[in-house]
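Please open the structure in your viewer and keep the selection tool at hand. We will go through a few selections one after another, with a short account of what each of them shows.

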Amino acid sequence: MRSGNCSGDPAGAIVAAADSHECDLIVVGTRGLGQVEGMLIGSISRKITSIARVNVLVVK
């Protein structure tokens, strides 16, 4: 996985890395935004839970 590239889809990159490394679990943190702010801004952790094929643990 390349570092230093700040463009693109972070959730997709995380899920792709987990797939390529055959991970059983993805652990991500949340910034603690409220429901309204999270929906307006979007949430990487929410997207990861939607597209990942493995279990995802979201830590607050």
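In this predicted model, a search of the whole structure for salt bridges turns up 2 of them, and both can be visited in turn.

Begin by selecting K47 and D9, which form a salt bridge whose closest N and O atoms lie 3.2 Å apart. This pair connects distant parts of the chain, since K47 sits in helix α3 while D9 belongs to the segment before α1, 38 residues apart. K47 has a relative accessible area of 37%, and is therefore partly exposed, because that class covers values between 20% and 50%. D9, at 37% relative accessibility, counts as partly exposed too.

Next, select R53 and D19, where the closest N and O atoms of the salt bridge are 3.5 Å apart. Here again distant parts of the chain are linked, with R53 in the loop between α3 and β2 (55-59) and D19 in helix α1, 34 residues apart. Are these two residues buried, partly exposed or exposed? R53 counts as exposed at 72% relative accessibility, whereas D19, with a relative accessible area of 31%, is partly exposed.

Now show helix α1 (residues 10-20) together with helix α3 (residues 44-51), which pack at an angle of about 45° with their axes 9 Å apart. That angle makes α1 oblique to α3, and α1 passes α3 in a right-handed crossing.

Finally, select P10, A11, G12, I14 and V15 in α1, which meet I44, K47, I48 and I51 in α3. Sorted by class, this contact has 7 nonpolar, 1 polar and 1 charged residues.

Key. Residues are numbered from 1 along each chain as its sequence is written. This is a predicted model: local features need pLDDT of at least 70, side-chain atom pairs count only at pLDDT 80 or more; totals for chains, interfaces and linings use all residues. Side-chain values use heavy atoms; hydrogens and water are left out. Axes are lines fitted to C-alpha atoms, for helices over the stretch in contact, and angles run from 0 to 180 degrees between N-to-C directions. Helices (H or I, at least four residues) and strands (E, at least two) are DSSP runs, numbered from the N terminus. Angles under 35 degrees count as roughly parallel, over 145 as roughly antiparallel, 65 to 115 as roughly perpendicular and the rest as oblique. A crossing is left-handed if the near helix is turned anticlockwise from the far one by less than a right angle, and right-handed if clockwise. Contact means heavy atoms within 4.5 Å. Ala, Val, Leu, Ile, Met, Phe, Trp, Tyr, Cys and Pro count as nonpolar, Asp, Glu, Lys and Arg as charged, and the others, Gly among them, as polar. A salt bridge is a side-chain nitrogen of Lys or Arg within 4 Å of a carboxyl oxygen of Asp or Glu. Buried means under 20% relative accessible area, exposed over 50%, partly exposed in between (1.4 Å probe, protein chains only).
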